[in-house]
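Here is a short report for a first look at a protein model.

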Amino acid sequence: MQRVTIVSSPEAGPLTRRACEELRDFAGRLWTAEVETTEAETTASGPAGPEGDAALRIVVGTPEQPQVRAALADLGVRASPVEADSYALRGNGNLVAVVGADDAGVLYGCYELLELLGVRFYLSGESLPRRGPVAVPPAAVDRAPVVRLRGFMPYTDFLTGPSTWDKEDYLQVIDSAARLRLNLFSMHFYTFEPVGQFTFKGQRRTEAFWDTSRTTRWHKRPGRVSDFVAGREHFAGYLADDTFGARSAIDATTPEERFRLAEADIRAAFTHAKERGMRTTIGIEVTDPPLEFRALVDPASRFGEDGFGICPSSADARELLTGWLTGLVTSFPDVDTYTLWQSENGPSRWTAGCACERCTRFRAEHPLPRYTIDDLLGKVSAQVYDVEDITESAQTFLQWVLLGHDILRELAPDKQVALAGWYIEHLFRDAAPYLPQEVVLSSMTEVDPWEAPPLLDHYQGVDRERWLINWWEIDFRMWLPQPKVSAYPAIMDKVRAYGIDGVIWQHWRTRTVDDNARYTALLMWQPDLTPDAYYRDAFGVEWGEAAATDAAEAMRLFERYEQWLCHDLGWQVFAQDWYPPLINQALEFIGAHGAIPPQIVADVEAKLAEIPRIRERLAEVREALRTARSKAVVLRDGDRPGFWEHRVEFYQLFIDCLERVGEAALAYRDATCGDRPTASETQALKRAYEALRTAPVLELIQKLAERVEDRGDLGTLVNLNNELWTRYRGALDGITRWLSDAAVGGLWTLRILPDGTLRPPIMGPDALRPEGQWS
């Protein structure tokens, strides 16, 4: 058997030791070889194996270490990376040297070596060639990052994201991110989430929790796992509690336990990220203190409608924020940066500031321009928001940041402080003079990546550390795939041009964003990598070169469709995860509320008008993927490219559902002109019912259940079962309530018996029929 030896220094740092572990483990998965690690100051290869096979030596370390110098001498080459995180690879024959400028550079260099050996790293895991004999191509690589801080932010709120993760899920994603050579782990927490326990005026926080399949926040419908119409087989581990969610949420029995268990998972995640060489940052929305404490604030220190705002100049504000930040620092003492966020919404976001003398004087001493919505968002995103006083809410945020900074200088003087918020880039130049120089400026660019580049001009010429927060996926289309690779080069061009120090990519799911995540991670090291080259490689290693070109073209078609949908049509809000999308709104009114409002009808008509073009473009993508598959020579197990084929089919079923539900909504509109249907209105009801019956809602859910790839897919299955299916069933029932044996138009008896009583519900498998629960 061939032998592979991995050589490091006895003085190797923790990341170099991690690199040796990773090389050993992946080499064992790549090759039918005996793999060992050793610490030595020379690189003598030793005798050949029993079969005479030459041994492979992989020498790792920094330039000054003896084993590295000896290996470079044996190879007759030089390598001297200098910049932080940078590395060089040199290799020929049976010797490879991985030379890092520092400990992190060694680790990142080993990951690039594994890529040269055929491994492809993704956020959800990795793809490997089939196991075979040792084979190492010549290596001559010099690499340095073009962005110093390369971050990611798993975003808590929805069931598709880390609100439902357990500790093991965090650790797996962090390991995957490190393999992508990311080095900043960031988390933001809403005030209603169980992070940052503290006491204010003798009262502990109680109104904070993670969402589960049984909670109703974010406009969700609760439901039991055992009631799911499809996909129950993927929730076997949750049937005992009949609830999908994080164990910390399911197992907690008191408010205090919610905090304790949730913070233990988050703390383990931050510790693990530090062990993988990452900087860490945790953030809370300082302008949105816990709702339950507002009643404890002195009425003289409250302002705004119903006294909802808390005066940032007040003693109560200082006491409250001191307690909150003390809880955060106590629970998470090892993070590098505490980030003070402006609230996404709420009373402190778009409202006039406190009118007290001190706050009025603060605004006079810290003037800001009169901003408009166009300063904050692109033309597409601006349609989604209704804002009031942007400038005074920004000044209020500035007050809270300065207060928080003062408190943190006392609590954690050795830690970094950052500010962040939703689309606050416009503040950077104007607010920077009022802030201590060490405060980092960061902003979540609240637009789809295609729309983001012009807003990044706000970063230009600001003389301090700046972090950009953008999206691997956006919550406006969370039920659907979102390929965006071609959107990122324009963003990264601005990042490089303006010297932006850090980029943080936000996400909920993992498998769905794999290509977006991998491409942006590579782009922060290889700025000339094109989307086309990326896709050709991603498909080529799986399906062979003959299929790679067609597959890359298929993904270009898919991305052009995505861009067209978001920006030409302006339909960013399409299948969002934070509010019932149009299909659910239409079903909700049919099933529960009666006449459908004109604005929903207008939206339905607009969608129906474009469905032929949507369907045509998706069909082009599907056909292009089929063409690529017809040329494929499958080289790896797992059928990774098949994910995109599956999700396009899922997308097409969603469009079919939207069309049929839309047709039903328009027919229902025609039928609900009076208290009870007349003859013509009954015919409209019949059309509505038939349209609903043929909507492939069950098939849509079953399609997703065919290929569940991550916890994000589980969260989507929960949403489709709890929200789409229950509303669909409710809409069918809503129509049947209008009908009886005497219905005009020859309709069949559905639910109401001649004596006015209701038919009993059908139980068991028959309840899955298109008619819903009723015969």
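## Burial and overall form

Buried residues make up 62% of the 775 residues in the protein. Buried means under 20% relative accessible area; exposed means over 50%, and partly exposed lies in between (1.4 Å probe, protein chains only). This is a predicted model, where local features need pLDDT of at least 70, side-chain atom pairs count only at pLDDT 80 or more, and totals for chains, interfaces and linings use all residues. Residues are numbered from 1 along each chain as its sequence is written, and side-chain values use heavy atoms, with hydrogens and water left out.

Along the principal axes, the C-alpha trace spans about 95 × 70 × 45 Å.

## Secondary structure and contacts

The protein has 21 helices and 20 strands. Both are DSSP runs numbered from the N terminus: helices are H or I with at least four residues, strands are E with at least two. A contact means heavy atoms within 4.5 Å. Of the contacts with a separation of 6 or more, 75% join residues 24 or more positions apart.

## Surface and charge

The accessible surface comes to about 28000 Å², and carbon and sulfur atoms hold 50% of it. Accessible areas come from the Shrake-Rupley method with a 1.4 Å probe; for residues, only the protein chains shown count as cover.

There are 84 positive and 115 negative side chains. Lys and Arg count as positive, Asp and Glu as negative; His and the chain ends are not counted. Each charge is placed at NZ of Lys, CZ of Arg, CG of Asp or CD of Glu. The centres of the two sets lie 2 Å apart.

## Helix 1 and L30

Helix 1 has 17 residues and reaches 24 Å from its first C-alpha to its last, close to the 24 Å expected at 1.5 Å a residue. The expected span is 1.5 Å times one less than the number of residues. Its buried residues include L15, C20, L23 and F26.

L30 is found in helix 1 (residues 14-30). L30 is buried, with a relative accessible area of 4%. Leaving out residues up to four places away in sequence, L30 touches L114, L117, V119, L128, P129, R130, R131 and G132.

Helix 4 (residues 167-179) has 13 residues and reaches 19 Å, close to the expected 18 Å. Among its buried residues are Y170, V173, I174 and R179. R181 follows helix 4 and has a positive phi, near 65 degrees.

Helix 19 (residues 679-693) has 15 residues that should span 21 Å, and its end C-alpha atoms are 21 Å apart, which agrees. Its buried residues include E681, L685, Y689 and L692. What covers the buried residues of helix 19 includes helix 16 (582-593), helix 18 (642-671) and helix 21 (711-736).

## Two loop residues

Is D85 buried or exposed? D85 counts as buried because its relative accessibility is 11%. It sits in the loop between helix 2 (66-75) and strand 4 (87-92). D85 is not a glycine, yet its phi is positive, about 75 degrees.

W218 is not a glycine either, and has a positive phi of about 60 degrees. Its place is in the loop between strand 12 (203-204) and helix 5 (247-251).
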